[in-house]
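Work through the exercises below with the sequence and the model at hand. Try each task before reading its solution.

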Amino acid sequence: MQETQKEALVQKMHAEVGRLKIEVVRLKEITKPVAPDDSIGRLSRMDNIVNNSVNTAALAKAESRLAGLEYVLRNVDDPDFGYCMECGAPIPHARLMAMPGATLCVKCAE
């Protein structure tokens with residue numbers, strides 16, 4: 001991988017990490033439980049429960065993606081970074097830009 005490609009990938013990952021950190025904070029705020037003594041109505045409370053489930057799943061996904069990107073950023077200078085773990089071929093730059101945590105080339109991933 002060329003140095004300019006690596007820099008572009010690192011910049012993209014840093015931008016995504018920043019966005020995900022903001023999203024995690026937002027999701028944590030909206031997934032806080034509503035106190036039972038708040039009078040929001042029975043149907044509204046049920047709707048809140050459903051929305052909370054969806055937002056909790058989104059939070060878990062965002063936290064997982066954030067952890068994965070932070071892991072990749074810590075290991076981007078590893079000599080094996082950007083090479084397929086199965087066949088050892090270079091992983092195409094476009095694939096790494098789309099999926100920074102990819103450890104397999106397209107052929108081995110299939």
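The model is predicted, so local features need pLDDT of at least 70 and side-chain atom pairs count only at pLDDT 80 or more, while totals for chains, interfaces and linings use all residues. Residues are numbered from 1 along each chain as its sequence is written, and side-chain values use heavy atoms, with hydrogens and water left out.

**Exercise 1.** Find the salt bridge partner of aspartate 77 and state which parts of the chain the pair ties together.

Solution. Start with the term: a salt bridge is a side-chain nitrogen of Lys or Arg within 4 Å of a carboxyl oxygen of Asp or Glu. The structure holds 7 salt bridges. In one of them aspartate 77 pairs with lysine 6, with 3.8 Å between the closest N and O atoms. Helices are DSSP runs (H or I, at least four residues), numbered from the N terminus.

Last, compare accessibility, where buried means under 20% relative accessible area, exposed over 50% and partly exposed in between (1.4 Å probe, protein chains only). Aspartate 77, at 63%, counts as exposed, whereas lysine 6, at 18%, counts as buried.

**Exercise 2.** Describe the salt bridge between glutamate 16 and arginine 65.

Solution. The N to O distance is 3.8 Å. Glutamate 16 belongs to helix H1 and arginine 65 to helix H2, 49 residues apart. Arginine 65 counts as partly exposed at 37% relative accessibility, and Glu16 is among the buried residues of H1. A network of salt bridges links Glu16, Arg19 and Arg65.

**Exercise 3.** Check the span of H1 against its number of residues.

Solution. The expected span of a helix is 1.5 Å times one less than its number of residues. For the 28 residues of H1 this should give 40 Å; the end C-alpha atoms are 41 Å apart, which agrees.

**Exercise 4.** Which residues lie nearest the centre of the largest pocket?

Solution. A pocket is an open set of points on a 1 Å grid over the protein atoms alone, where a 1.4 Å probe fits, with protein on both sides within 12 Å along at least five of seven lines; lining residues have an atom within 4 Å of a point. Of the 15 lining residues, Tyr71, Asn75, Phe81, Met85 and Thr103 lie nearest the centre. H2 gives the largest share of the lining, 3 residues.

Terms used: Helix = DSSP H or I, 4+ residues; strand = E, 2+ residues; numbered from the N terminus.
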